[in-house]
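Okay, let's get going. Have a look at the structure on the screen, and I'll walk you through a few of its helices and strands.

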Amino acid sequence: MNNLLHNSQINPAGWVTRFAPSPTGFLHLGHVASALYGWQKAQPDGEWFVRLEDIDIQRCKPEFIPAILEDLEWLGLHSARPVLRQSANMPAYQATLATLNAKGVLYPCFCTRSDIMRESAAIFSAPHTAPDGSLCYPGTCRHLSDQERQDRISQGEPHVLRLDMSKALQWVHQHTHGVPLTYQDQEHGTVVCHPELFGDVVLARKDIPASYHLCVTHDDAAQGVTLVTRGEDLRPATDLHRVLQTLMGWSVPEYSFHPLLCNAEGRRLAKRDGALAVRTMREAGLSAEDVRCKAGFPHIFER
């Protein structure tokens with residue numbers, strides 16, 4: 001993992017990076033690697049801070065928040081700013097949705113997951129997936145009239161808000177004079193984006209009034225992040241985030257992607273698979289340096 005740092009570009013002012021875990025469980029070794037990667041990128045003159053992505057009220061649990069922050073402190077990782085909880089930032093996300101709606105690039109979708117599977121199978125013979133593995137929406141509700149949309153909403157019918165990708169890209173094309181969307185990858189240079197492959201993604205769910213894509217892109221801009229460090233599994237989502245940045249006129253950070261820590265079977269470390277928690281290692285007598293070493297960052301604070 002550390003080998004990637006040798007090719008990094010230098011920012012004279014120092015990079016502003018963030019670590020943004022979801023409090024759905026205890027901090028594990030994969031989190032540690034991600035946090036340390038971003039922290040090291042910000043050295044020596046930049047800023048590293050923590051943000052909590054806790055908008056999923058079903059999966060996120062308040063009791064994990066102090067545990068995560070305590071483990072980070074124990075590891076020697078101190079947030080340079082007060083920790084923002086996304087659940088307390090909903091008015092900002094609602095304002096973003098209102099702006100996108102005013103641009104005419106959102107529409108309500110009343111389809112259930114089974115509806116989408118059935119429609120996809122009927123249209124494509126097999127469901128299409130986006131680059132991140134999510135199910136592509138066939139566009140069923142995109143063609144509803146404004147009156148039908150209003151009638152169904154007024155009747156209390158559950159719905160999500162989707163980004164009309166075709167209209168969004170038309171808007172982007174018009175306001176960028178046809179220049180393709182790109183981003184700067186510190187390891188690979190300029191990357192051309194293909195957000196059309198995602199189709200009409202959800203930006204607000206029935207149970208959560210904002211999506212990961214909306215919240216993370218908003219917060220990175222609002223908090224002045226200049227270098228987004230994220231795992232390779234989130235690389236595809238960057239194409240979609242560039243669309244939102246352009247629609248909203250937000251600043252565009254650079255990006256750096258780190259490989260994922262994997263178990264003996266080659267599967268990435270994840271909470272659902274029982275990845276070893278930092279506090280379990282602490283209770284077993286490991287030191288903070290031991291844990292940092294296991295994450296691939298030995299002696300990181302001695303440099």
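**Helices first, then strands**

So, the crossing of H7 and H8 is right-handed. Before I go on, keep in mind that this is a predicted model.

Staying with that pair: H7 covers residues 212-222 and H8 covers residues 237-248. They pack at an angle of about 65 degrees, and their axes are 10 Å apart. Who's touching whom? On the H7 side we've got Tyr212, His213, Leu214, Val216 and Thr217. Facing them from H8 are Ala237, Leu240, His241, Leu244 and Gln245. If you sort that contact by class, you get six nonpolar residues, four polar ones and no charged ones.

Now, H7 has another partner, and that's helix H3, residues 90-102. How are H3 and H7 arranged? Their packing angle is about 105 degrees, with the axes 10 Å apart, which means H3 is roughly perpendicular to H7. From H3, the contact uses Ala92, Tyr93, Thr96, Leu97 and Leu100. From H7, you'll find Leu214, Cys215, His218 and Asp219. By class, this contact of H3 with H7 has six nonpolar, two polar and one charged residues.

Okay, strands. Here's a bit of background: strands of a sheet pair through backbone hydrogen bonds, either parallel or antiparallel. So which is it here? We have an open sheet of three strands, in the order S4-S5-S8, and the pairing is antiparallel. At the edges sit S4, residues 106-109, and S8, residues 202-204, each pairing on one side only. From one strand to the next, the twist averages 45 degrees.

Zooming in on S5, that's residues 160-163, two bridges join S5 to S8. If you want one to find on screen, Leu161 has Ala204 in S8 as its bridge partner.

Last stop is the pair S6 and S7, residues 182-185 and 189-192. These two strands run antiparallel as well, and four bridges join them. What connects S6 to S7? A hairpin does, going through three residues. And to get your bearings there, look for Tyr183, which stands opposite Val191 in S7.

Terms used:
Residues numbered from 1 in each chain as written. Predicted model: local features only at pLDDT ≥ 70, side-chain atom pairs only at ≥ 80, totals over all residues. Heavy atoms only, no water. Pairing = 2+ DSSP bridges. Axes fitted to C-alpha atoms, helices over the stretch in contact; angles between N-to-C directions. Left-handed = near helix turned anticlockwise from the far one by under 90°. Contact = heavy atoms within 4.5 Å. Nonpolar A, V, L, I, M, F, W, Y, C, P; charged D, E, K, R; others polar. Parallel < 35°, antiparallel > 145°, perpendicular 65-115°, else oblique.
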